[in-house]
Amino acid sequence: MMDRYITTELIAPFVFGVVAFTSIGISTGVLLDLLRRVSDSGLPMSIAMQFFVLRLPYFVGLAFPMSMVLACLLVYGRLSSDSELIALRSCGVSIYRLVAPAVIIGLIMSGITFAFNEAVVPAANLKASQLLDQALNKNKPSFKERNILYRESKTIRLPSGEKDELLSRLFYAREFDGQQMKGLTILDFSQKGLNQIVASDSAKWNAEEKTWDFFNGTIYVVAPNGSYRNIVRFDRQQIQLPRTPLDIAKTARDSEEMTIAEIRQYIDLIGQTGNQKEIRKMRLRIEQKSSMPFACLAFGLVAATLGIRPQRSGRAAGFGLTLIIVVSYYALMVAGQIIYQAGLVNAFIGGWLPTLVALTAGIVLVVKLNR
């Protein structure tokens with residue numbers, strides 16, 4: 001009965017918090033900018049409304065953890081001020097039992113938030129971005145325009161029995177227009193040392209034959225001593241290369257427009273380019289996307305414990321304390337990102353730091369309050 005009672009009491013302030021924090025977030029983060037675009041750039045009102053709706057899921061996802069804080073603070077604060085918690089404690093109910101409903105609801109909301117942020121938010125963000133770019137006639141391509149680099153490696157077994165990776169081919173394109181690669185250079189190390197260089201004006205992926213069609217180029221066959229053994233010019237030449245360079249060129253989405261699985265695929269692609277800065281950035285984003293939903297659990301534990309403490313708190317005080325907790329969480333998120341970029345911690349610690357700190361703080365508060 002007690003669990004059902006507390007859970008029922010949490011629902012109304014949680015829903016209120018979702019509506020309130022979503023309204024605040026989208027008003028400051030989207031609405032003002034949209035109104036400026038409507039008045040200054042002539043953005044059609046119908047497009048503005050579609051963009052507004054598509055951006056709602058992102059802010060709803062952010063509002064879930066904050067609403068968990070507010071709901072627990074208000075409900076447990078009211079139970080404490082009305083002496084209902086004192087009555088329950090006098091009946092032998094422990095602090096652990098009192099915060100259990102908040103922990104269970106927090107865990108459930110963590111799962112819902114994770115699923116929502118994976119299934120709804122990235123697709124909505126991508127659609128919103130594309131819609132706004134088309135409406136404003138921006139020539140922002142959905143692909144990487146310049147400097148496409150792909151390194152192909154081969155695995156060899158050393159005399160000692162260990163495996164080692166050697167560079168077998170290096171693919172470089174100066175630019176990509178969405179259909180063709182231009183200004184290409186391919187260095188072939190498939191044999192011992194550099195044995196072939198291909199320079200071409202353009203190349204296009206041939207989907208039917210699963211190969212590349214190169215146009216207006218030259219093949220330089222390199223002898224073991226480094227001299228050109230043969231030079232062959234061509235108007236059109238098919239060369240067996242993987243499709244990966246095209247996949248790299250066509251991936252130009254923000255991390256907020258990708259699911260965790262898509263980010264992992266992107267990391268596998270750019271791993272061939274040697275762009276370690278981008279790889280590290282995306283690895284951190286995976287951990288941040290994974291840890292953020294569990295802020296619902298951490299916030300529920302912290303807020304329930306703070307609410308149990310004897311105090312007089314209304315909705316205004318609850319809002320204030322909620323903002324303090326949320327701002328502290330995001331400050332820790334920034335701190336985790338900084339120390340990760342400095343190479344002091346790995347991606348897991350950098351991404352999970354604020355959630356782990358919040359969970360630890362909640363556990364410490366519960367243990368101290370139960371004494």
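T259 touches E118 and P122, leaving aside residues up to four places away in sequence; contact here means heavy atoms within 4.5 Å. T259 sits in the loop between α6 (244-250) and α7 (260-270). Helices (H or I, at least four residues) and strands (E, at least two) are DSSP runs, numbered from the N terminus. T259 counts as buried because its relative accessibility is 16%. The cut-offs are these: buried means under 20% relative accessible area, exposed means over 50%, and partly exposed lies in between (1.4 Å probe, protein chains only). T259 and A123 are 136 residues apart in sequence, yet 8.5 Å apart in space, C-alpha to C-alpha.

A word on the model before going further. This is a predicted model, in which local features need pLDDT of at least 70, side-chain atom pairs count only at pLDDT 80 or more, and totals for chains, interfaces and linings use all residues. Residues are numbered from 1 along each chain as its sequence is written, and side-chain values use heavy atoms, with hydrogens and water left out.

## The sheet

Let us turn to the strands. An open sheet is formed by 6 strands in the order β1-β2-β3-β4-β5-β6, with antiparallel pairing. Its edge strands are β1 (146-157) and β6 (228-239), each of which pairs on one side only. From one strand to the next, the twist averages 20°; axes are lines fitted to C-alpha atoms, for helices over the stretch in contact, and angles run from 0 to 180 degrees between N-to-C directions. Two strands pair if DSSP finds at least two bridges between them.

β1 and β2 run antiparallel and are joined by 11 bridges. Within this pairing, T155 has E165 in β2 as its bridge partner. The hairpin of β1 and β2 has 5 residues between the strands, and G161 there takes a positive phi near 100°. On to the next pair: strand β2 (residues 163-176) and strand β3 (residues 181-188) are antiparallel over 7 bridges. Here A173 is partnered by L184 in β3.

## Charged pairs

Side chains of opposite charge can pair when their charged atoms come close. In the whole structure, a search finds 9 salt bridges, each being a side-chain nitrogen of Lys or Arg within 4 Å of a carboxyl oxygen of Asp or Glu. The table lists some of them.

| Pair | Closest N to O distance |
|---|---|
| D33 and R37 | 3.0 Å |
| R169 and E152 | 2.7 Å |

R169 counts as buried because its relative accessibility is 17%. In the pair of D177 and K182, D177 is partly exposed, with a relative accessible area of 37%, and K182 is also partly exposed, at 29% relative accessibility. Salt bridges that share partners join D33, R36 and R37 into one network.

## Helix α1

D33 and R37 both lie in helix α1, 4 residues apart, which is about one turn of the helix. Is D33 buried or partly exposed? At 29% relative accessibility, D33 counts as partly exposed, whereas R37 is buried, with a relative accessible area of 16%.

Helix α1 (residues 2-40) also holds V19. Together, I11, V15 and V19 make a nonpolar surface patch of about 270 Å². Patches are made of residues with over 30% relative accessible area and no salt bridge, where like charges are joined within 9 Å and nonpolar side chains (Val, Leu, Ile, Met, Phe, Trp, Tyr) within 5 Å. Accessible areas come from the Shrake-Rupley method with a 1.4 Å probe, and for residues only the protein chains shown count as cover.
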